[in-house]
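Biologist: Please take a close look at the surroundings of the ligand and describe them in a connected account. Which residues surround the ligand, and what contacts do their side chains make?

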Amino acid sequence: MCGIVGYIGKDNNAGEVLLEGLKRLEYRGYDSAGICVMSGNKSKTFKAVGKVVELEKKIGKYRTDTTMGIAHTRWATHGKPSVKNAHPHSSGKIHLVHNGIIENYQELKEKLIKKGHKFSSETDSEVVAHLIDEYSNKNDFEQAVFAALQDIRGAYALVMLSEDEPEKMIAVRNSSPLVIGVADDGFVLASDASAIIQHTDKVVYLDDEELVIFTPETYKVKTFAGRNKYKKEQTLEWNDEQAQKEGYKHFMLKEIFEQPSAVADAIRGRIIVKDGLAKLGGLVDVEDKLRDIKRIVIVSCGTSYCAGLVGEYMLEEYAGIPTEVEYASEFRYRKPLIDKKTAVIAISQSGETADTLAAIREAKNKGGLTLGIVNAVGSTIARETDAGIYNHAGPEVGVASTKAFTSQLSILVLLTVFLGRQRDMSLTMGKKILSELNKLPKKIDEIFEDGKNIKRIANKYTKYESMFYLGRKYNFPIAMEGALKIKEISYIHAEGYPSGEMKHGPIALIDKDFPSVILAPKDSVYDKTLSAIEEIKARGGKVVAITTVGNEEKIKKHANDVIEIPKTLEMLTPLLAVVPLQLLAYYAGVKKGFDVDKPRNLAKSVTVE
Ligand code: G6P
């Protein structure tokens, strides 16, 4: 999730406008930044690793005397943070910035290399610059962009310049955000309105498969099919901070709502449904070693630990590999039995958690094969593991992890299919899991339609001081994660427990003031879960049940309140069941007046032991 900005107009300080815009977009990622400004038909590009201030030091006099330019603040997805991987990317006279993922960049890159193109970065984005440059041999700028669009697949917002047509800027949007600001002196476009509102409150929201051609005086929107499109200008009513949150009250809520795209981005370009295969580029180098692995140990902390627990169930049931999950903070203080037939997987959003890093170093020391499931590209865990899979979830700002969690689960599904198909998972099973995984972004969206009901339930239960979160099999880890969320955000004491184990002790706590949230999807343990609900009801405890759509009426006989989630494969229910629990925690925290984005005593990334 990078941030991009473009400016074209009559004002003579494009460099200034772009730098200012980048600073406001830094929350979208800040491992490197770059800018390309035009003066006449001469371009000048500057890049720097780190925050925008580093770039600012380099740009000097080009802040002014420039009427057009593009800029980018990067959150790495392909290629580590470095000057050469920073945007803008160029080929010949074409310069561009990109936010998104080009799924088929490898095959396009190979074709372009054969045609003599020389690449200077490891990014997927650079391919687009070369492609447009290639088509520019026989076409004007606009035609070349249209031609390139026929070839690229994936999610992208692109803003492009050509030194051959210095009075023109072209932008496209497909599944990555892009907003146009219509100011008195020109046009500012950006990934979100936070980089625009200081110039104008008049905006145009682009839709997918739209292309815009700008000159300093005007702009024209076309569809990818080449038809002109009328777009209505709207008036922005947000302040700076609201714009960064895209109108959501908190980053946490925004990130909960980003989960359909976080899941889609995690699986984008990594699924070959017809062959029932997961394509994981980051594991290519260790593919043969993984074939020989006899055991998996997952090490992680907090929410990432709960994701690991779901992974254990998936990997054992579908890949047939004995798997254990360990709190990273415990791992190295006992005597972990690791050998070269053991894969030790670190799951970490930040890639910097000290406990997880220490566990990985210990595993390496003992000769294990180390893998990372990491969101932050180029982070220490990503660098120190032998191989890994990036989440592509974009930066998570809210301290309580939400979209990183569903993204981690998506990756664990892919990994299960990858390892399972190396072993005895059938083609049919591979296809079944992957085609259902593909449907999850839409199914998560459906849960949001029940938002009012979830908020009502949250408001009703905030008065209690303690709660149980119970689940069985795949949803036991979700009970743990639900309890963790409500503890973190609303400071309600909660215990995440296996619903079958509850009767062996904790049930003593149940009374009318100790409610339980129970995960009761219609799965293979549904009847057992119903028994747990009955045991609680018999002791006067209140129950909120999370169940599968269509089962509401039946479960209402047992539960006080019900939240429905769409039907899916049992192994995938955690990706849906966690969403209402995140919302419950969020609404409870808001109701109690807490700062849900920055809960007390917590840090987003804990880099000390
Ligand atoms: C901190 C955060 C948690 C997070 C955990 C692991 O404790 O507050 O939200 O789950 O670290 O972080 P990681 O970046 O390794 O996933």
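Modeller: Helices are DSSP runs of at least four residues, numbered from the N terminus. In this predicted model, helix H10, spanning residues 302-319, supplies the largest share of the shell around the ligand, namely three residues. In total, 14 residues surround the ligand. The closest of them are Ser304, Ser348, Gln349, Ser350 and Thr353. Sorted by class, the shell comprises eight polar, four nonpolar and two charged residues.

For Thr353, an N or O atom of the side chain is 2.5 Å from an oxygen atom of the ligand. For Ser350, an N or O atom of the side chain is 2.6 Å from a ligand oxygen atom. Ser304 likewise places a polar side-chain atom 2.6 Å from an oxygen atom of the ligand. The ligand exposes 390 Å² when taken alone, and the protein buries 91% of that area.

The largest nonpolar core contains 91 residues, and Leu283 and Tyr469 have the most contacts inside it. Helix H20, residues 573-591, contributes the largest share of this core, with twelve residues. Because domain 2 (251-446) and domain 3 (451-591) both give residues to this core, the core lies between them.

Methods. Residues are numbered from 1 along each chain as its sequence is written. This is a predicted model: local features need pLDDT of at least 70, side-chain atom pairs count only at pLDDT 80 or more; totals for chains, interfaces and linings use all residues. Side-chain values use heavy atoms; hydrogens and water are left out. A residue is near a molecule or strand if one of its heavy atoms lies within 4 Å of it. A polar contact is a pair of N or O atoms within 3.5 Å; within protein, one must be able to donate a hydrogen and the other to accept it, and residues adjacent in sequence count only if both atoms are side-chain atoms. Accessible areas come from the Shrake-Rupley method with a 1.4 Å probe; for residues, only the protein chains shown count as cover. Helices (H or I, at least four residues) and strands (E, at least two) are DSSP runs, numbered from the N terminus. Ala, Val, Leu, Ile, Met, Phe, Trp, Tyr, Cys and Pro count as nonpolar, Asp, Glu, Lys and Arg as charged, and the others, Gly among them, as polar. A nonpolar core is a set of buried Ala, Val, Leu, Ile, Met, Phe, Trp, Tyr and Cys residues joined through side-chain atoms within 4.5 Å. Buried means under 20% relative accessible area, exposed over 50%, partly exposed in between (1.4 Å probe, protein chains only). Domain bounds come from an automatic or database domain assignment.
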